[in-house]
Amino acid sequence: VIPYADVKTGVFDVAVSDPIAAGYMWNVVELQQAAYLRKPLDAMRASAARDMFDRALNQIALFGRSSATSPLRFPALYNGLITPALAQGNKVTVTTGTWSTATPLQILNDLNKLLVAVHAATGYQDDGFADNVIVAPSIFNAFMQPMTSAGTQSVKAYLEMYNYSTAVGGRQLMISQGPGLENTNAFDPSTAVNNQRVIAYTKNADALEFEVTQPLQWLA
């Protein structure tokens, strides 16, 4: 008897009742001036409206959407694994308290602790190595300090080469800063105000993808 593999798929739908809207307009005087001078209308307002749309998508991709009855109605990158039942299980507390005053060796130990936890959460699968780490902008300054007193290499450059994901999984680690991680209470009410967070994840479309189902359309 040969056991056969099967695949179950499902779709988790979230109703979005508040669409993103961004508009711009010209008044009658501006239209008359453009026609009289035979010059095109200024496109700065259209560009600003497009920027509003992009910023709204970025907000949803990072923080998701909440409602009066569900703080995490639509989870995103920063809070995708944070639920009341799994909140503590998906958090790894650094041993140094804060990276802004930690030594390079302490940051290395904390970072590897985080990378191992991500790999362990996937059951130590080959594709479960985190290859992207996002830190708060204020903490990012600590990664710019020299790794040693010789000052030949920054902490960031050293950690991107010598870490758990690279040594064990052969993944190239990328460390960057992410606005919004300075105050996690903005997207996770269970944390204290001004509490900082570090996010580690695998940049793989099979596991994490943000799809824009309705592209921007200009209407009259």
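Predicted model: local features only at pLDDT ≥ 70, side-chain atom pairs only at ≥ 80, totals over all residues.

**Aromatic pairs**

The model contains seven aromatic pairs. One of them joins Trp99 and Phe143 in an edge-to-face arrangement, with 5.6 Å from centre to centre and 70 degrees between the planes. This pair connects distant parts of the chain, as its members are 44 residues apart. Trp99 sits in the loop between α2 (44-63) and α3, whereas Phe143 belongs to the loop between α4 (137-140) and α5 (155-161). Both Trp99 and Phe143 are buried.

Phe143 also pairs with Phe140: the ring planes lie at 25 degrees, under the 30 degrees cut-off, so this pair is stacked. The centres of these two rings are 6.4 Å apart. Elsewhere, ring pairs link Tyr24, Trp26 and Trp218 into a cluster.

**Asp131**

Asp131 is located in the loop between α3 (104-121) and β1 (132-135). The side chain of Asp131 makes a polar contact, at 3.0 Å, with the side chain of Asn132. Leaving aside residues up to four places away in sequence, Asp131 touches Arg171, Gln172, Leu173, Met174, Tyr201, Thr202 and Lys203.

**Burial**

| Residue | Relative accessible area | Class |
|---|---|---|
| Asp131 | 12% | buried |
| Phe140 | 15% | buried |
| Phe143 | 1% | buried |

Why is Asp131 classed as buried? Its relative accessible area is 12%, and the class requires a value under 20%, so Asp131 qualifies. Phe140, at 15%, is buried because its value is also under 20%.

Definitions and conventions: Residues numbered from 1 in each chain as written. Heavy atoms only, no water. Helix = DSSP H or I, 4+ residues; strand = E, 2+ residues; numbered from the N terminus. Buried < 20%, exposed > 50% of the residue type's maximum accessible area, 1.4 Å probe, protein only. Polar contact = N/O pair within 3.5 Å; in protein donor to acceptor, adjacent residues only side chain to side chain. Contact = heavy atoms within 4.5 Å. Phe/Tyr/Trp six-rings, centres within 6.5 Å; stacked < 30°, edge-to-face > 60°.
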